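Please look over the sequence and the model below, and then follow a short report that moves from the whole chain to a single residue.

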Amino acid sequence: MFEEIIEFDQEKIEANNYDIDKINAYLDELHDVKEIRKKAEGHYVGTTCSTELARFGAAIMACQESKWFRKIIKKWEFWENGRLEEDILKTTEEEEKKRGRKLYE
């Protein structure tokens, strides 16, 4: 089973004058597929193994490509069977450092 956990930085949300309810609604919409269910705000769990990884991948890419998402998160993790598979935020920052540029601009 796959899980995606997103934790927001409340101070950054307030500093940028974002609406947390709209942010959560956006994430819910991205994850609104039969293979994924919402466990809590910012916590999504796969319900099957056959196609959920592709569904999570699509949601993660949509978030990466937004201009605002990474500015307001402090934790973004992807878990598989109860084990941390990837710290998405750390992996993205490391890859950008290697390339010398943002991945999505």
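The chain has four helices and five strands, where helices (H or I, at least four residues) and strands (E, at least two) are DSSP runs numbered from the N terminus. Read from the N terminus on, these elements follow the order β-α-α-β-β-α-β-β-α. This is a predicted model, in which local features need pLDDT of at least 70 and side-chain atom pairs count only at pLDDT 80 or more, while totals for chains, interfaces and linings use all residues. Residues are numbered from 1 along each chain as its sequence is written, and side-chain values use heavy atoms, with hydrogens and water left out.

The table gathers some values for the whole chain.

| Property | Value |
|---|---|
| Box filled by the C-alpha atoms, along the principal axes | roughly 35 × 35 × 20 Å |
| Buried residues | 34% of the 105 residues |
| Contacts joining residues at least 24 apart, among those between residues at least 6 apart in sequence | 55% |

Here buried means under 20% relative accessible area, with exposed over 50% and partly exposed in between (1.4 Å probe, protein chains only), and contact means heavy atoms within 4.5 Å.

Within this chain, where is Glu96 placed, and is Glu96 buried or exposed? Glu96 lies in helix 4, which covers residues 88–99, and Glu96 is buried because its relative accessible area is 8%. If its neighbours within four places in sequence are left aside, Glu96 is in contact with Arg70, Arg101, Lys102 and Leu103.
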